[in-house]
Amino acid sequence: MDRLAAPPSLTALERLVRERPLPRHVGIIMDGNGRWAENRGLPRMEGHREGSTSVREVTRCARRLGLGALTLYAFSSQNWSRPAEEVAALMDLLREYLESEREEILQNNIRLNAIGEVDKLPRFVKEPLDRLRAETAHHTGMVLTLALSYGGREELLQAVRRVAEAATRGELEPTDLDAQGFESYLWTHDLPPVDLVVRTSGEQRMSNFLLWQMAYAELCFSDVLWPDFRTEAFLRCLAQYQQRERRFGLTSAQLKREDSQRAKA
């Protein structure tokens, strides 16, 4: 949970976050759209529509801070099992997002990326997605990745299949495969390591998101429902991350010695 004391002003909070090391890659499980709408007696899709405003605001904040990569869990492999009318409405909303945000993405040097079984998306979504990905492929700013028809288990399964196929063709010796080599078969192979995963709405589970990639990620669980998760909530998660000691299996004493050695070098 968010442990920061009395909230400073938004400007001061952003300045505080800027002064400390940022995570290289943040993943967000955007949860709570349906509950946000139901709490207000509105159709569930109104929660998803309001949540798109949070996507826009958080993305702008991440780009402004200079974050290297932001991955948003927009539609899971399991979401296809939702009522057909909700899935159709979500696809319409996704198309609207790609069309409405196109100019801002282009003008701000953002590279749009997508991971998941994107071939399952309907043509009216996949075509503008592919077009914007191609148009921004040369961009050198923040990488905005949409996880669409995505599942962590599904990603690992496709990677294992590709490894097996490469071994069958004689292109890979199984005993030579290490963690780094395996990562080259993942959908996220060209993204930096995930340092922080945020989940909104108070739920504390991973829901099949970036299962391999979050092995050493810090986790931040926010009670804020996604449609209410705006700049301040995002900054507070980043500030919480910056307060943590990341040891990667080492002890605090070892980390301090390494820091001291780096400072002397």
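Q: In which sense do β2 and strand β4 pair, and over how many bridges?
A: Two strands pair if DSSP finds at least two bridges between them. Here β2 and strand β4 (residues 143-150) pair in the parallel sense over seven bridges. L70 stands opposite L144 in β4. Strands (E, at least two residues) and helices (H or I, at least four) are DSSP runs, numbered from the N terminus.

Q: On what kind of model does this reading rest, and how are residues numbered?
A: This is a predicted model, in which local features need pLDDT of at least 70 and side-chain atom pairs count only at pLDDT 80 or more, while totals for chains, interfaces and linings use all residues. Residues are numbered from 1 along each chain as its sequence is written, and side-chain values use heavy atoms, with hydrogens and water left out.

Q: How many of the residues of strand β2 are buried?
A: Buried means under 20% relative accessible area, exposed over 50%, and partly exposed in between (1.4 Å probe, protein chains only). In strand β2 (residues 69-76), seven of the eight residues are buried.

Q: How many aromatic pairs does the structure hold?
A: Rings of Phe, Tyr and Trp (its six-membered ring) pair if their centres lie within 6.5 Å; planes under 30 degrees apart count as stacked, over 60 as edge-to-face and the rest as tilted. The structure holds seven aromatic pairs. The planes of F182 and W212 stand at 50°, with ring centres 4.8 Å apart, so this pair is tilted.
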